[in-house]
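Colleague: Could you walk me through this one? I would like to go over the charged pairs, the aromatics, the core and the surface.

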Amino acid sequence: MEVWFLTMPVYRFNLIRSPATRLACFQVATELEEAASKGQQREVWAKIKKISGKRSKKQASSVRDKDGKMITDPHNQRDRWKEHFSELLNPPLSSLNLTDLDDVPTQPSFGYLSCSDGPPTRRRD
């Protein structure tokens, strides 16, 4: 795996004026190459992410309540998310139409099993 510090064109590397910064670049490049040669991909990508200056995306700083007002308090945001997903995943029973289930054909089952067979055992009969 090639490290971008070592493949950087010379003219760009010459833009780094500080000897300390150049030394730091070479040290990081060496560490990256060593990690890559050992197959430590997690370490390689962690270092690349660190030196590239890319930051993870920030979490949304606000959430809206049911009335459309912004909620900025983290505790209230968490409560609103809880409420939202509770409503989404647990709809009220009055809104469910269970008569549609009557039209669904039953799936074939094992004919040799019955409710009176009891729990399964290791022994074969």
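Modeller: What follows goes through those topics in turn. This is a predicted model, in which local features need pLDDT of at least 70 and side-chain atom pairs count only at pLDDT 80 or more, while totals for chains, interfaces and linings use all residues. Residues are numbered from 1 along each chain as its sequence is written, and side-chain values use heavy atoms, with hydrogens and water left out.

Colleague: Fine. How many salt bridges does a search of the whole structure find?

Modeller: The search finds four. A salt bridge here is a side-chain nitrogen of Lys or Arg within 4 Å of a carboxyl oxygen of Asp or Glu.

Colleague: Which side chain does lysine 47 meet in a salt bridge?

Modeller: Glutamate 31, at 2.9 Å from N to O. Lysine 47 lies in helix H4 (residues 41–52) and glutamate 31 in helix H3 (residues 19–37), so this bridge ties together parts 16 residues apart in sequence. Helices are DSSP runs of H or I with at least four residues, strands are runs of E with at least two, and both are numbered from the N terminus.

Colleague: And how exposed is lysine 47?

Modeller: Lysine 47 is partly exposed, at 22% relative accessible area. Glutamate 31 is also partly exposed, at 37%. The cut-offs are under 20% relative accessible area for buried, over 50% for exposed and partly exposed in between, with a 1.4 Å probe and protein chains only.

Colleague: Next one. Where does lysine 66 lie?

Modeller: Lysine 66 is in the loop between strand E1 (63–64) and strand E2 (70–71). At 53% relative accessibility, lysine 66 counts as exposed. Its salt bridge with glutamate 87 has the closest N and O atoms 2.5 Å apart. That pair links distant parts of the chain, as glutamate 87 is in helix H5, 21 residues apart from lysine 66.

Colleague: Which residues are linked in the network of salt bridges?

Modeller: Lys66, Arg80, Glu83 and Glu87. Arginine 80 is found in helix H5.

Colleague: Is arginine 80 buried or exposed?

Modeller: Buried, because its relative accessible area is 14%. Leaving out residues up to four places away in sequence, arginine 80 touches Val63, Arg64, Asp65, Lys66 and Ile71. Contact means heavy atoms within 4.5 Å.

Colleague: What about glutamine 77, buried or exposed?

Modeller: Glutamine 77 counts as buried, at 11% relative accessibility. Its place is in helix H5. Neighbours within four places in sequence aside, glutamine 77 is in contact with Ser61, Ser62, Val63, Ile71 and Thr72.

Colleague: On to aromatics. How many aromatic pairs does the structure hold?

Modeller: One. Tryptophan 81 and phenylalanine 85 are stacked, 5.8 Å centre to centre with 20 degrees between the planes. Rings of Phe, Tyr and Trp (its six-membered ring) pair if their centres lie within 6.5 Å; planes under 30 degrees apart count as stacked, over 60 as edge-to-face and the rest as tilted.

Colleague: Why are those two separated by about one helical turn?

Modeller: Because tryptophan 81 and phenylalanine 85 are four residues apart in helix H5. Tryptophan 81 is partly exposed at 43% relative accessibility, and phenylalanine 85 is partly exposed at 40%.

Colleague: Now the inside. Which residues make the largest nonpolar core?

Modeller: The five are Leu32, Ala35, Ala36, Val44 and Ile48. H3 and H4 are the elements giving two or more residues to this core, and H3 supplies the largest share, three residues. Such a core is a set of buried Ala, Val, Leu, Ile, Met, Phe, Trp, Tyr and Cys residues joined through side-chain atoms within 4.5 Å.

Colleague: What does alanine 35 touch?

Modeller: Gln40, Glu43 and Val44, not counting residues up to four places away in sequence.

Colleague: Last topic, the surface. Which residues make the nonpolar patch?

Modeller: Leu93, Leu96, Leu98, Leu101 and Val104 make a patch of about 530 Å². Patches take residues with over 30% relative accessible area and no salt bridge, joining like charges within 9 Å and nonpolar side chains (Val, Leu, Ile, Met, Phe, Trp, Tyr) within 5 Å. Accessible areas come from the Shrake-Rupley method with a 1.4 Å probe, and for residues only the protein chains shown count as cover. Leucine 93 lies in the segment after helix H5 (74–89) and counts as exposed at 71% relative accessibility.
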